[in-house]
Amino acid sequence: MKERIFVENINVGYLEKEIILYGFIESIRKLGSLTFFYLRDGTGKVQAFFNKENLDEKTYNTVEKLRVENIVRMKGILKERPKDQQLRITKGEYEIEGSQLTLLVQGDVPPFEIEKLDSINESIRDKYRYFALRNEKIHNKIVFRSKITQYIREYFYSKDYLEIETPYLIKSTPEGARDFIVPSRNFKGKFYALAQSPQLLKQLLMGSGFEKYFQIARCFRDEDLRSDRQPEFTQLDMERAFIEKDEIFEEIESMFSYIFKRLDLKLELPFERMTYDDALEKYASDKPDLRNPLLIENYNIHFKNIEVNFIQDKLRNNENIRGICTNKLFSRSQIKKIEGLLKKQGSSGLLTLSKDNDEFNFTLGKFVDEKFYESFSLNNNETIFFQVGKNNENILNFLRHYLGEQLGSSKEDFRFLWVVDFPLFEEDGSGGYKASHHPFTSPIDIPAFMGKEEFSHIPSKAYDLVLNGSELASGSIRINDLAVQKKVFDVLGMNEELQNNRFGFFLDAMKFGLPPHGGIALGIARIAAMLLGDTSIKDFIAFPKTTSGACPLTNSPSNVSRDQLDDLGLEIGRKNGN
RNA sequence: GGGGGCGUAGUUCAACUGGUUAGAGCACCUGCCUGUCACGCAGGAAGUCGCGAGUUCGAAUCUCGUCGCUCCCGCCA
């Protein structure tokens with residue numbers, strides 16, 4: 001008995017020979033006694049046809065019964081197709097004249113047409129996800145992601161890293177994201193949490209002498225979703241002992257270089273670097289998209305002497321006048337539209353200054369003189385968009401993006417960027433502090449930090465890797481000194497008891513000594529999505545959740561039985577719905 | 001928690017200011033068809049207008065509530 005061959009392996013060597021294929025039926029065309037279709041297997045598509053005249057009755061009856069998405073085995077002779085007939089499917093230059101057909105499975109009529117998946121409603125696609133995944137485009141995204149994972153493993157193994165698993169059922173530590181909690185049967189009334197990341201455990205591994213660790217780890221965070229965020233997601237998690245951040249940057253750059261090489265893509269090294277402060281100042285974002293060349297500038301000094309009350313009030317109130325200069329003139333209605341969009345983002349208004357045929361046009365034109373205009377050294381056909389405000393980065397960021405799109409900034413390149421020196425803490429809005437990365441991040445200047453009483457702007461050794469405006473990775477050099485760690489916990493408002501309660505095991509480990517260490521974690525689905533130019537990660541996950549965190553395919557979350565609850569010593573108290 | 005968009009046949013959409021029996025493409029079913037590849041032609045079946053109230057002589061359409069999908073803000077150490 002002859003062996004099956006895969007569509008991708010079809011080649012001239014099989015011409016005029018009998019081959020056996022397995023797969024799914026797509027796009028049937030019946031023309032009397034001729035029946036054409038595409039046969040699709042896991043590797044591609046090829047056209048096949050059956051001619052009634054040359055078939056035995058049994059095969060003919062099977063061909064007559066054939067429906068789209070049926071699962072078959074077929075035997076036939078491989079033929080070359082005339083040049084003018086070839087199609088852009090995987091093996092367009094070939095076709096198979098079938099002689100035998102076995103209908104392995106004839107399922108129900110499909111819930112939608114696979115080829116039209118792009119326009120099918122998300123809820124339908126998700127409910128029949130296994131079916132949607134037959135679509136070539138999504139199928140290939142899952143394949144692509146698998147390749148990325150493979151290359152990452154290849155890279156780290158080649159560099160002598162150990163892949164070590166850490167538990168998913170761990171102790172709940174309510175810092176950071178909300179935990180998914182898991183009740184314990186043996187310890188009734190107590191709970192595990194699903195790991196938000198392997199953070200503390202990988203740090204402990206550093207203390208165990210595993211100096212080069214990596215893991216492709218699932219992370220669970222019970223927070224609201226976005227198109228680039230799922231409640232469970234996979235990270236490449238890595239950590240090394242005796243290392244500083246430049247070495248981590250080099251390692252990750254070298255890893256991407258390897259991935260790009262395997263994908264036959266070009267990549268320039270090293271990646272650009274920018275401090276967090278610069279990123280906010282020039283791009284109003286801690287993850288700037290460098291494909292957009294527009295920069296934000298501070299124009300306070302130009303407005304210092306103009307006689308407009310609301311401007312002076314705002315400047316006295318420590319608000320800033322920041323703006324973006326573009327080499328284009330905008331119509332009144334375009335500007336009105338932009339102002340409307342900005343207001344939706346929370347802006348209180350929009351000022352513009354432009355120069356057309358040496359004539360200046362400024363929103364507050366009647367309140368300013370020549371000196372004001374001269375201070376800008378504006379060229380003809382340029383327009384500056386101003387925003388007045390404080391902590392209005394989201395508005396400026398929106399404006400920069402919008403103007404970038406209007407001016408047609410490139411969508412093609414891969415612009416990697418390290419954003420460094422994130423602040424150690426952020427104000428939490430109620431007089432306290434919260435960790436801006438996580439509480440295990442080392443300050444840059446430890447002695448200075450240990451002496452401080454005020455913690456607003458302490459630069460830390462935390463860094464992000466940004467690609468085209470999307471955060472791909474986040475990491476830091478960690479604290480490995482007990483006193484420093486305890487002081488961070490203090491600043492976060494945790495008293496001694498709480499520290500021991502939540503992180504006692506970790507503080508103990510520190511007492512016995514953790515080497516200096518640091519690492520980083522990269523979102524795998526995001527990498528795959530970004531490399532293909534997608535903003536949503538959903539298609540890179542075989543069975544994703546909806547934006548409410550539900551799974552329409554399996555209908556989770558769902559109720560559990562009385563018995564299950566009894567086993568766990570649980571009772572449903574307050575609840576919404578049924 | 002807040003804001004925007006959406007929900008009508010298996011599916012994608014239409015149905016004006018409320019007004020006869022809610023339409024169309026694709027898919028599906030039947031028949032014809034030897035080079036199709038968005039095959040073509042003829043015919044057919046197919047609907048709890050997301051769900052629940054309300055207004056009205058009359059609701060897919062208006063009002064209120066509710067559920068779901070999606071995008072964004074908050075949130076995501």
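Residues are numbered from 1 along each chain as its sequence is written, and chains are lettered from A and ligands numbered from 1 in the order in which they are written. Because the model is predicted, local features need a pLDDT of at least 70 and side-chain atom pairs count only at pLDDT 80 or more, while totals for chains, interfaces and linings use all residues, and side-chain values use heavy atoms, with hydrogens and water left out.

We begin with I96, which is found in strand 5 (residues 94–105), where helices (H or I, at least four residues) and strands (E, at least two) are DSSP runs numbered from the N terminus. I96 has 1% relative accessibility and therefore counts as buried, a word that means under 20% relative accessible area, with exposed meaning over 50% and partly exposed in between (1.4 Å probe, protein chains only). Leaving aside residues up to four places away in sequence, I96 touches I10, I19, L21 and V46, among others, contact being heavy atoms within 4.5 Å.

Next comes an open sheet of 3 strands, with the order 7-9-8 and antiparallel pairing; two strands pair if DSSP finds at least two bridges between them. Its edge strands are strand 7 (169–170) and strand 8 (181–183), each of which pairs on one side only. Strand 7 is joined to strand 9 (residues 191–194) by 2 bridges, and L169 stands opposite L194 in strand 9.

In helix 5 (residues 199–207), the buried residues are Q199, L200, K202, Q203, L205 and M206, and they pack against strand 10 (212–220), strand 11 (232–241), helix 15 (496–512) and strand 23 (517–523). Just after helix 5, G209 takes a positive phi of about 90°.

Finally, helix 4 (residues 136–158) and helix 6 (residues 245–262) pack at an angle of about 130°, with their axes 10 Å apart. That angle makes helix 4 oblique to helix 6, because angles under 35 degrees count as roughly parallel, over 145 as roughly antiparallel, 65 to 115 as roughly perpendicular and the rest as oblique. Axes here are lines fitted to C-alpha atoms, for helices over the stretch in contact, and angles run from 0 to 180 degrees between N-to-C directions. Where they meet, I148 and Y151 are among the residues of helix 4, and I252 and M255 are among those of helix 6.
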